[in-house]
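Trainee: I have just opened this one and would like to be walked through it slowly. Could you take my questions as they come?

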Amino acid sequence: MQIRQIKVSHFRGIATLDWTPSHSFCCLIGPGDSGKSTVLDAIEALLSSRWFSFTEPDFLGCDTSMPIVIEATIGELSRALKSDERFGLYIRGWTSIGALRDEPEEDDEPVLTLRLTVDATMEPVWELICDRMDDPRTLSNRDRALFGLVRLAGEDARHLAWGQGSVLSRLTGDTDEASARLAEAYRTARASAKLNEIESLTNAADAAEGFAKVLGAYVEGAYEPGLELGRSGLSSGSIALHDSGVPLRLAGMGSRRLATLAIQKSAIAEGAIVLVDEIEHGLEPHRIIGAIAQLKGDQAKAATDKRPVGHVLMTTHSDVALGEAGENSLHVIKTTRPDRLTSVTTPVTPTSLRPLLRFTPRSLFARRILVCEGYTEVGLLLGLREHWPARHGNKPIEQLGATIADGNGGEAYAMTLALAKLGYTTAIYRDSDNSLSADQQAKLAAAGIPVFEYGGWLYTELAIFSAANDARVQELLHHAREERGDDFIDNNLAAKIDDINVECIRLGFECWGLLSAKSGEELRVAISEVAASKGKEKKDKKPWFKDQRLGRSLAPFVWNIAAEATASPLAVTLAAIEAWLYA
Amino acid sequence: MLEAADLVSLGNAAIVAPAGHGKTEIIANVAALGRRALILTHTHAGVHAIRSRMKRLGVHHSAVVVDTIAGWCMRYAHAFPGVAKPPPDMPKTGEEWEQLYQGAVLALQVLAVREVVTASYDRILIDEYQDCGGSQHALAIALSGIVPTLIFGDPMQGIFEFAGATLKWDSEIHPSFPLAGKLNTPHRWNGKNPALGEWIAETRIRLMNGDAIDLADPRITFRESNDAFDMSTLFEGIDGKEGSFAAIHCNKRICYGLAKAASGGYQAIEEVAAGRLNEFANAWDHATTTNRRLDAITGLLADCFQQKDLAKDETVDPDEAEMNAALSEIEVGLGVGNGAEAAAQFLGLFRKRPRWKLYRSELWRDTERAVSELAAGRAKTMVDAAGSIRQRVSNSGRKLPKRTVSTPLLLKGLEFDHVIVPDATHFAKESKAQAKLFYVAISRATRSLTISSSSRWISLPIPNS
């Protein structure tokens, strides 16, 4: 099953939402209180077979005079749903261009529309919507169970025991054998329960272990049914999954969650709709990557085998999760204030975000993103940002939701535009030595994206050296020598500046002018060109500061240079960037 | 020998099933093998027969859906009205039925609807295929393009030629449903009268070839008589016989006549259309005066009761006189309100009259029910009341009298222990499907078959197939 369209109105913090997901794997991100969890809650309330009790706070602004309405159109329907003994005659059509038709035509995909309505009586009503039928059909919890919804929220140990209606009991099939044995077990005490001899239980436990391992849960020994006598006496719920004698509910949170998810998902044969809140919860980065890769891999395999793919909707605050989920699954959710209109946006050109997801996926969790052209700039700003809070009430930029992202050189322009279209406030920080085309400039201007440049064909190294006085230039040279070695720096410089030799270069920058015919300005240009490896073949390029750490190490020097030359293009540009980030 | 398991692997195919050869049984068995089968037939009676067979065989109700072709088309055409454009209500005319079937075929062209059919059934079985018209055949072809479809039928029982069921098996049916075989075991006569079964099977072949039939065969009873109304044909020898009886004649007026002549010893049954009941209901609804209402009832009386004349020395029975007085009293009430209450009392009294013999008890009972429906206020008019009564009968199936007289059309699909065919020469006078009508008539019998005819040999034209 897949969600083709979901509409929510008046539910919790959402006044309206109308979202047509176009991917089978949706990674929902957005700043806190943007409605991520509410969207998952709405889907669960509509499609889960559980009964939900609604209270005033579930209504937008606690106002019960307007009903809560949650409506979804579901595609990739299972055979059971499409059968005319169920809802076959209630199907509607989903056109190839993603529009809904009450009666299917031509090659429309068969879909079903469900609606949950809650009014002031707090009594939820689930119905199937089909305009051509005189009466809407109410849906029972059994009906809703057919839609194959799985939700992994916080703590949920329910699914790790053979309780009534649990997934494990479904995996087991008939549990009569188990309950008969249980009655016996109760008489002869725990030790003699011999649950391991009940083949159906051990088979289910083995299956559960297999599913859980695939998703990345750690298994100490082997999963087996174990007896846990609770206060309520003995029931099928007293049999729980154990791992080497230890109840699985006592396992680490990550393993427990992954096992729960795996077991639930496996019980749905035809394309489950899987909702996961914060998949990273309790997991180390490599296991986040493993779990996501598995979920995506399952879908890809199902698609290859022409089986139902299902739908995964997950929320995350983890850049690791986001990086693994990939640019195609990226969905940015936003809720406006004060009218609380919620929208879900996907990248128009996902490929332009690929470098962002590779290098700085964390920036997608911010509201305001400054895209820098290269490592030097990213590093430099990351260093400078440590100096800024003192001038802004001790607030770091992150506290304002601002962040600095790596644009990977030439890809910065497209990336910035794509981010703006996703609803982020963005700006570009770039060199001026190869300028943007008129068309690019116009598009950025139209999108209201500021471009921070030094102007006058300056690139970062040149902007820095040009603004630095002799002492600062010498400081920078000294720093460079410490980082890259004396010979590397000096030989490079000597090769560039033909009228002074290495010995002279080693004397100190203030002496160069005495021996060289070049002016101080020309010498600074020369140093900058060497530092940036200007004019070299790509394979021969050995720039001094082109990585994030080296860029960042420049920051203390640049801070001083800018403070001493406040009118320099460097200082002016950096001040503008600072102002924008703190806006 | 065709087995259910073999049929399942066939895909689309046709099975020829002569009367009494275990067709329903094999349909039930094939249906039981799959996940969920759709069985389509023509009449509600057929639906009941298949359902009860399913129940007897212990087939789970979720494993099979049994419906009439018309009912199934109503359901699907009205579920997808935009493309199917069915008539707004139950079709009334031939054109409206065509519109319904064609609409269902149109709906089946929509991908999503085809997916619903695929999800709903893994096999479709269509019964009594010889009764299908052209647009029902088109529907079957559309369905067979989605789900493997088996059709069952007998060209020799195709007696609805007059109603347009004239599909040619070789040129029209078999190209879409290749012939898989013919059922060969005459189950119907097992343990009853196997010799009779043999004679019927032999006669089937002779009829197909247009050969003359010898009625003086020892396996059946032949009476030489040129009079359809020769009561001894109907009654001779019945005293010792157990079980159900049917007298079969192609002309329905003669059937009513026979029932009347038999003084209710054989009961005439009603057509699905229930023309006489509707005629009464219309007359009633249009009657503005007490007398007109009385006329409507007395008209019906004449068609339902045979009144014995008084013997010469007999005087009017005192009960009878009392009854007449009571009836006159009730007559007044016919003018009160809608008159239905009085009519109900009036009708009720006739069953008790000793000299009045009821011979169309189904019609009379339906009339009584319709009248009380109206009296109870459950219907606005007599026509509505009659409609809902007949709907109920067609949904629940009718119970036949112990001795029935009717036409092959109405008795098709049923079986009787003893069958009487009065004046067999009349089949040759039918305008269509003479041999098929004769075959349907004789193949109803399971224990004994009595045929009266002016001559020992009977010859009928080669039937269409």
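Mentor: What follows is a walk through chain A and parts of chain B, taken topic by topic.

Trainee: Before we start, what am I looking at, and how are things numbered?

Mentor: This is a predicted model, in which local features need pLDDT of at least 70 and side-chain atom pairs count only at pLDDT 80 or more, while totals for chains, interfaces and linings use all residues. Residues are numbered from 1 along each chain as its sequence is written, chains are lettered from A and ligands numbered from 1 in the order in which they are written, and side-chain values use heavy atoms, with hydrogens and water left out.

Trainee: OK, how many helices and strands does chain A have?

Mentor: Chain A has 22 helices and 21 strands, where helices (H or I, at least four residues) and strands (E, at least two) are DSSP runs numbered from the N terminus. Its C-alpha trace spans about 100 × 60 × 45 Å along the principal axes.

Trainee: And what share of chain A is buried?

Mentor: Of its 583 residues, 52% count as buried, a word that stands for under 20% relative accessible area, with exposed meaning over 50% and partly exposed in between (1.4 Å probe, protein chains only). The accessible surface of chain A is about 25300 Å², and carbon and sulfur atoms account for 50% of that; such areas come from the Shrake-Rupley method with a 1.4 Å probe, and for residues only the protein chains shown count as cover.

Trainee: What about contacts along the chain?

Mentor: If you take the contacts in chain A between residues at least 6 apart in sequence, 69% of them join residues at least 24 apart, a contact being heavy atoms within 4.5 Å.

Trainee: Can we zoom in on one residue? Where is A:Ile3?

Mentor: A:Ile3 is in strand 1 (residues 2-11) of chain A, and with a relative accessibility of 1% A:Ile3 counts as buried. Leaving aside residues up to four places away in sequence, A:Ile3 touches A:Pro21, A:Ile43, A:Thr73, A:Ile74, A:Ile273, A:His311 and A:Leu313. Its C-alpha atom is 8.8 Å from that of A:Ser22, which is 19 residues away along the chain.

Trainee: New topic: what is the strand order of the four-stranded open sheet in chain A?

Mentor: The order is 19-18-20-21, with parallel pairing, and two strands are said to pair if DSSP finds at least two bridges between them. The edges are strand 19 (402-406) and strand 21 (451-452), each of which pairs on one side only. Strand 18 (residues 368-372) runs parallel to strand 19 of chain A and is joined to it by five bridges, with A:Ile369 having A:Thr403 as its bridge partner there.

Trainee: Which elements does helix 12 of chain A pack against?

Mentor: The buried residues of helix 12 of chain A pack against helix 10 (354-359), strand 18, strand 19, strand 20 (425-429) and helix 13 (438-446). Helix 12 (residues 412-421) of chain A is mostly covered, as seven of its 10 residues are buried, among them A:Tyr413, A:Met415 and A:Leu417. Just after this helix, A:Gly423 takes a positive phi of about 105°.

Trainee: How many disulfides are there, over all chains?

Mentor: There are zero disulfides, the criterion being a pair of cysteine sulfur atoms within 2.5 Å.

Trainee: Let's move to chain B. Which way do the residues of strand 1 point?

Mentor: In strand 1 (residues 13-16) of chain B, B:Ala13 and B:Ile15 point one way and B:Ala14 and B:Val16 the other way, and all are buried. Strand 1 of chain B pairs in the parallel sense with strand 5 (residues 149-153) of chain B over four bridges, and three bridges join strand 1 to strand 6 (residues 179-182) of chain B, also running parallel. B:Ala14 stands opposite B:Ile151 in strand 5 and opposite B:Leu179 in strand 6 of chain B.
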